Each structure stands twice: as structure tokens, then as C-alpha cells.
Amino acid sequence: VKDLNRPVCREAPEILDLEEASDRSRFAHLIAGGSGAVEIHDSIDEQLRDYVKVLHPSCRDERRIGDEINELLDGCQPRDFGRWAFYPWSRRLVHILPPEPFGAVRESRNLYKIDLEERRRLRGFNVGIVGLSAGSAVARTLCLEGIGGTLRIADFDALDLSNLNRLQAGIHEIGVNKAVICARQMYEVNPYAHVEVFAEGVTRENLALFLAGPPRLDVLIDECDSIDMKFLLREEARANRIPVIMQTSDRGMLDIERFDLEPQRAVLHGLVGAMRSSDLAELTMEQKVEHVLCILPPREVSARAAASMLEIGSTISTWPQLASDIQFGGALVTVALRHLCLGLPLESGRWYFEMDQLLRAPAKPLNGSLRHQDDAPRRMSSSASRSFAETLVAYATLAPSGGNCQPWRFSLDGDALLVARHPTATESFRDIGGLASYLAIGGAIENAVIAASEHGRVVEVALRPQIGDDGTVARLCWDAAAIMPARSSERLALIERRMTNRRMGSSTPLEDDDAATLRAAVGNRVAHLELVSDLAARGRVGRILGAFDRLQFTVSQLHAEAMSEMRWDSEAAQRTLDGIDLATLELSRRDALILQLIARPDVAAILRTPGRGRALEEPAAKAMASSSAAGMLRVNGSTAAAFVEGGRAMQRVWLEATRVGLALQPWTAITFVSRLLGTPRQEIFTAGEAKELRELGKSLDEVFRERRDWTPAIVFRIFRAETPSVRSRRRPIESVFPLAKSR
Ligand SMILES: Cc1cc2nc3c(=O)[nH]c(=O)nc-3n(C[C@H](O)[C@H](O)[C@H](O)COP(=O)(O)O)c2cc1C
């Protein structure tokens with residue numbers, strides 16, 4: 001194939017008309033093998049018969065057919081009739097009818113589906129196709145259906161073996177330019193076609209020529225991979241008022257942009273905002289991914305495509321595409337193009353023609369919400385100092401809780417504040433035995449105790465040895481007589497300032513003094529804090545937590561639970577006043593979009609296969625690498641009381657960290673979920689997953705080697721970073737403390 005580097009290469013057969021002297025001598029030369037052997041295919045008799053049938057559909061009489069053929073030949077030798085097409089790439093010399101009869105026969109089976117007037121218009125429609133993987137199915141279908149005056153096709157890429165799952169081509173064509181292959185195929189169907197090949201693809205330099213020709217395109221089909229080019233194509237198409245059609249081989253997605261009718265229309269339906277192609281050139285690959293995810297929103301792509309996006313670079317090198325999707329796309333675009341050309345309805349917008357979906361009943365959407373409903377508030381009467389209790393509760397509720405579930409309830413009992421676990425918060429897999437709740441309640445109690453002491457009262461905390469049906473965990477008593485005025489205090493300010501920080505850190509080493517301060521904050525025999533700060537140990541913790549995250553985001557019950565905590569926008573966070581506000585995750589826009597992919601249960605189910613889902617491991621590894629230390633707090637036993645004490649200790653550590661300017665993020669579902677092992681609820685795991693989880697627990701014990709006879713309660717990272725950009729919300733006090741008035 002010559003001329004691949006010229007912008008326009010006409011990869012066409014030679015059409016020889018033996019009535020012309022020069023063509024006759026060229027024909028004789030070819031036949032004689034003057035330029036190498038040729039393969040001759042002469043089926044002109046059959047073609048003539050077919051033409052007679054087209055002209056006289058009811059004619060069955062062989063004699064009459066013979067007469068009609070003779071009339072068509074008009075004394076000409078059959079060999080010299082019509083044309084000969086010489087295909088240089090296959091060295092075939094093929095005898096064909098003249099252009100008009102050839103078209104009439106070839107397209108005779110279109111009649112009534114496409115009438116003659118429509119045929120005329122379709123044949124004059126100039127079509128440009130950029131990207132000849134998916135585009136080749138479009139091109140071939142158009143060609144077969146007789147659509148297209150000039151077909152201008154562009155691709156710089158050559159065929160490789162991995163294209164042969166979806167591209168119609170032969171193994172002998174590996175290494176040949178895809179546009180060239182496509183042009184050849186079209187010419188083999190219709191030697192009179194007019195195909196222009198841009199074998200170096202469309203570039204900034206040749207785009208004007210590609211669109212404006214002559215002839216000017218009537219429609220542009222975008223099947224290219226590059227996001228930059230998608231923008232550029234549209235900007236130029238819009239400037240030339242050329243409509244754009246794009247088919248994406250997932251869920252039969254079809255995009256129509258009628259720039260012919262709407263020259264002010266935002267490109268790509270405005271999904272990527274006011275972005276221009278010139279802005280894209282500046283962007284990194286990461287930022288481009290973000291824009292791709294705007295065009296293919298995470299909630300809308302098929303589960304398999306979504307899962308595959310997360311596997312690129314891990315188990316696959318690029319995204320998958322199926323022949324069925326590509327062929328279907330070719331058909332879809334052809335129909336859309338027919339509508340466009342013939343003035344049938346075709347609005348701008350996005351459609352889904354989802355074959356898989358049409359073939360089965362709609363998949364039931366997984367709700368997966370295990371979140372409890374609030375109970376009706378219990379009313380209690382007490383003569384105790386309600387406003388003091390309210391103050392304590394106000395600080396108590398600023399405590400951290402897993403998934404911001406705020407598992408606490410407060411009530412008055414004389415001059416005592418009862419702290420209970422929220423009565424319905426029992427089902428969660430990550431709160432097995434309520435231990436995560438008790439940890440949170442411990443933090444709330446610690447806050448209350450600090451708040452009381454800053455208000456001049458000593459509070460005595462009596463933990464219930466057994467948690468009864470009412471869920472009461474502790475009783476906080478104070479001496480009602482000794483009321484001192486409230487003072488503003490650094491410790492109260494710390495309670496207010498403490499937040500979970502999920503930013504990346506600077507990974508500056510943890511100073512010995514700071515480590516000692518944190519250890520001292522634990523302060524007693526009820527909990528033990530171990531910090532590891534060297535890179536290798538943090539790396540191990542990152543790998544362990546990452547592997548656990550993969551499990552928790554793929555095992556369906558854990559996934560459902562984790563995702564039910566998510567509040568995807570501030571409106572949802574404000575409505576529920578609990579859960580994890582997406583904004584508190586401090587994700588880039590791209591990573592937030594990726595999280596939406598992961599959030600889908602159907603995607604998670606696909607990733608739940610050994611070897612997959614490695615992308616889910618990365619955040620933990622990155623976070624630990626950017627930290628100053630990883631920490632583990634162990635508690636003495638596995639009782640509610642041990643975890644409440646652990647929660648108090650953890651809160652002291654966190655407040656001290658806040659005081660010395662250290663950020664802290666728990667990363668700790670593993671310590672709770674591991675407790676499912678050996679219980680009947682272990683059945684949510686496959687045997688392989690259970691084994692992996694057990695091994696992860698052991699590995700964690702190998703990093704945190706101190707006091708291994710105690711129970712791991714919470715794992716976290718410590719680092720230096722800016723303060724979080726948003727604060728998590730809390731339910732109003734009156735909803736957790738029924739006696740409290742609305743403030
Ligand atoms: C027991 C427990 C487990 C937690 N686990 C995680 C965790 O795995 N990842 C995380 O980012 N935050 C975790 N957190 C932090 C909570 O999500 C956070 O405290 C809650 O959303 C309230 O936000 P705040 O701490 O900023 O007030 C955990 C907190 C507690 C008390």
C-alpha cells in the first residue's frame with residue numbers, strides 16, 4: 001500500500017472500460033501477467049441475469065431473459081461488456097456491470113425499505129468517519145446499505161491481532177492501516193464507491209480538509225478514542241454546522257449533536273462544562289480521565305464496562321470491546337444517519353439501545369441499606385439540671401463514630417445522664433457485637449467528662465457490666481450542688497476542632513515528643529497504643545488495609561453497608577445529618593467519579609474475583625505512604641466496657657493529636673469485620689476470602705507486635721496536613737436526647 005503518509009489516499013480499484021483504448025491495453029497487459037499474475041473473476045452472465053430480473057421482476061421465461069440480455073449487450077461481446085475492476089491489493093480482476101445497473105442490482109433488496117427517491121438522496125450524502133475500529137462497522141454498513149456519496153475515513157492506527165475480536169479483517173492484514181483495510185472492504189462490495197482514506201488519521205492540520213473537502217461533509221461520525229480529538233472534532237464540526245453522531249460500544253449508547261440545527265449547542269451536550277480543546281492539551285492523563293468520566297457517567301455505564309475501567313493497568317491493558325457491540329453500533333449509526341439524511345426525526349441527545357437489557361427482565365436494583373430508622377423519642381421526666389446535661393450531650397455528640405452513625409442516645413435519670421447505644425444499631429457487619437458503637441460511645445463519654453470538668457464539675461462514670469435491653473452503657477453522675485460558671489477552655493475548643501482528616505499527608509516523620517504525648521494520652525491500663533512510623537512498616541499497613549478494602553468493597557454485604565453510609569452530595573448529607581459526606585473524603589473530582597463506579601453493586605460483584613479489584617487497594621497504600629505513622633489501639637478484652645474504655649482512650653489520643661497539630665484518620669473496618677470469622681456471619685465470605693481476611697489479621701499482628709494478647713480496636717494514620725475542607729454533620733441534640741429543647 002502506497003501513499004499512506006499523504007493526508008488523502010484513494011485506496012481504490014482501477015476501473016477499466018474496454019470501450020476505451022487505453023483501458024483495453026491496460027486490460028491486455030494485466031491479463032498477460034505483465035505486472036504479475038492476476039486472478040480473474042468473471043460472473044457477468046449471472047449479473048446480467050440479475051439485472052434483467054430487477055428490470056422485469058415477474059419474468060420467469062428463460063427465452064425472454066436471454067432476449068433481454070442480448071438486448072442489453074447490444075452486439076457487444078460479453079467479455080467487453082460493463083467494466084473490469086482491478087484490485088491491486090489482491091490482484092483480482094473482476095468483471096462487473098456498468099455503474100447504474102450495478103447499483104440497481106446490488107441495492108435491489110433495499111427497495112420499499114428505501115425508495116428510489118430516498119436512495120438518490122442517500123447516495124449523495126457525504127459522510128466522514130474518524131476512528132476505524134468501531135467506525136469500520138459503521139462504514140461497512142453504510143456502504144452495504146448504499147448510503148454515502150463520498151465516504152471519508154480516517155485512522156492512523158494499524159490492525160493488530162487483538163483487534164480481531166471485533167474488527168472484520170483477516171490475519172494477513174495485521175500491520176495494515178485500519179482505514180485502508182476498511183476502504184478495501186468497501187470497494188470489494190462496491191467498486192464504484194467513492195472512499196477517501198486519511199491514513200495518518202485526523203490531525204489539527206488536516207481537519208479542515210477532512211470536514212470541508214470538497215465535498216463538504218453532511219455528517220461526522222466520531223468513533224475515535226482520544227478525548228482531545230473529540231473536542232476538536234466537535235468544535236470544528238460546529239463551526240461548519242456539521243452534525244456529529246457518536247456510538248459508544250457500551251449499553252448501545254448513541255449521541256446525536258445537531259450542530260446543523262443548533263450552532264450554539266455545547267459540545268458533548270455540555271457534559272464536560274465549558275471546556276475547549278485548547279484547554280485539554282494542558283491536562284494530565286489523570287485530569288483527562290475525569291473528563292472521560294463526565295462523558296461516561298459512572299452511574300450510567302454498564303457494570304462490566306465500569307469494572308473494566310478499574311482494572312485497566314492491572315488485569316487488562318485497555319478497555320474491552322465486543323464485536324456484537326461494534327456491529328450493533330454500525331447498525332445504529334446507519335439508522336440514525338438515514339434519519340438525518342432523509343429529514344426523519346432525529347434530535348440532539350443521548351440514547352441507550354441496550355440489547356442485554358432488552359433481552360431480560362430488568363435487574364433489581366440493590367438497595368442494600370441497612371441503616372436503622374430513628375426511634376420515636378422516649379420521654380423521661382427528671383428534676384436534674386437539664387441544661388447542664390444538654391451541654392454535656394452537645395459535646396458528647398461531637399465525638400467520632402464509624403460511618404458517622406452517631407450510635408448514642410442520652411436520657412436523664414435524676415442527676416445522672418444515661419448513655420445508651422442506639423437501640424436498633426445492631427445489624428451492621430462492621431459493628432459486630434456493637435463494638436464499633438461502644439468505641440464511639442466511649443469517645444462521646446470522654447467528651448462529656450471533659451466538658452463537665454471544664455464546667456467545674458467532676459463526673460463519675462459508671463459502666464454497666466452487662467448491657468441490658470435498654471442499651472444503657474454508662475451512667476454519668478455529678479454533684480448537682482457544685483455549679484461553677486462555664487469557662488472557655490482549650491480542651492473544649494479541641495473537642496470542637498477535632499475532625500477526621502482524610503487528606504494526603506506530608507509523610508514527615510513523627511517526632512518522638514509527639515509520639516510520647518500520644519502514648520501518654522492513653523494513660524492507663526485499659527488500652528495500649530502502638531505507633532509505627534518507618535516507611536516499610538507503613539507500607540505493610542497500607543498493603544494490609546488496601547487488601548481489606550478490596551474485600552470490603554467487593555463482598556456484597558460489606559459493600560452495601562459501606563455504600564449505604566455514603567452521602568453523595570451536600571444536600572443528602574444535610575437531609576440525613578449523618579453518614580459520610582462525599583466532600584469529607586477529600587477526593588479529586590476524578591477519584592470521586594471512580595468511587596461512584598465502585599459504589600455500584602453490579603460493578604463490585606464483577607470485581608469480586610481473585611486477582612481483580614487491585615485498584616481498590618491503592619487508596620490505603622497511598623494514604624499510609626503519605627503519613628507520619630500508623631497506629632493501633634488495643635483494648636483489654638472484647639467486652640462492651642473494654643471498647644468503651646478504648647473509645648475514651650482513643651478520644652484522648654485524638655484530642656492530643658489535634659492539640660499538637662497532627663491529623664488523624666481511622667482506617668479500621670478490618671478490626672471489626674475480622675471478628676466475623678468463626679461466627680455464623682462468616683458465611684458472607686467465600687472460603688478464599690475468609691482465609692485472606694484471617695491472614696490479613698495475622699499480618700497486622702506482625703506489624704503491631706506489642707500486647708498481642710489484647711484486642712485490636714482501632715487502626716489509624718497520623719500525619720501532617722491542612723485541616724479538612726468540610727466538617728461532618730451531627731443530628732440535632734433533641735433527636736438523641738429527647739428531653740433537650742430545640743435550640
Ligand atoms: C470506630 C470508628 C471507626 C472509624 N472508621 C473509619 C474508617 O475506616 N475510615 C475513615 O475514614 N474514618 C473512620 N472513622 C471516622 C468517622 O467516619 C468519623 O468519625 C465520622 O464520620 C465523623 O466525622 P469527624 O470525626 O470528622 O467528626 C471511624 C470512626 C470510628 C469512631
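Predicted model: local features only at pLDDT ≥ 70, side-chain atom pairs only at ≥ 80, totals over all residues.
Next, switch to a cartoon of the protein chain. It contains 28 helices and 21 strands. The radius of gyration is 36 Å, whereas the globule rule gives 27 Å for 743 residues, so the chain is more spread out than a compact globule. Turn the view to the principal axes; along them the C-alpha atoms fill a box of roughly 125 × 50 × 50 Å.

Colour the chain by burial. Of the 743 residues, 52% are buried. If you draw contacts with a separation of 6 or more, 74% of them join residues 24 or more positions apart.

Now select the ligand and the residues around it. The shell has 18 residues, with R498, T500, R502, Q665 and R730 the closest. By class, the shell divides into seven nonpolar, eight polar and three charged residues.

Zoom in on individual distances from ligand oxygen atoms:

- R730: an N or O atom of the side chain is 2.6 Å from a ligand oxygen.
- R498: here too a side-chain N or O atom is involved, at 2.7 Å from an oxygen of the ligand.
- S401: a polar backbone atom lies 3.3 Å from a ligand oxygen.

Finally, show the ligand surface with the protein in place. On its own the ligand has 610 Å² of accessible area, and the protein covers 88% of it.

Methods: Residues numbered from 1 in each chain as written. Heavy atoms only, no water. Near = heavy atom within 4 Å. Polar contact = N/O pair within 3.5 Å; in protein donor to acceptor, adjacent residues only side chain to side chain. Areas by Shrake-Rupley, 256 points an atom, 1.4 Å probe, with all protein chains shown as cover. Nonpolar A, V, L, I, M, F, W, Y, C, P; charged D, E, K, R; others polar. Helix = DSSP H or I, 4+ residues; strand = E, 2+ residues; numbered from the N terminus. Rg over C-alpha atoms; globule rule 2.2 N^0.38 Å. Buried < 20%, exposed > 50% of the residue type's maximum accessible area, 1.4 Å probe, protein only. Contact = heavy atoms within 4.5 Å.
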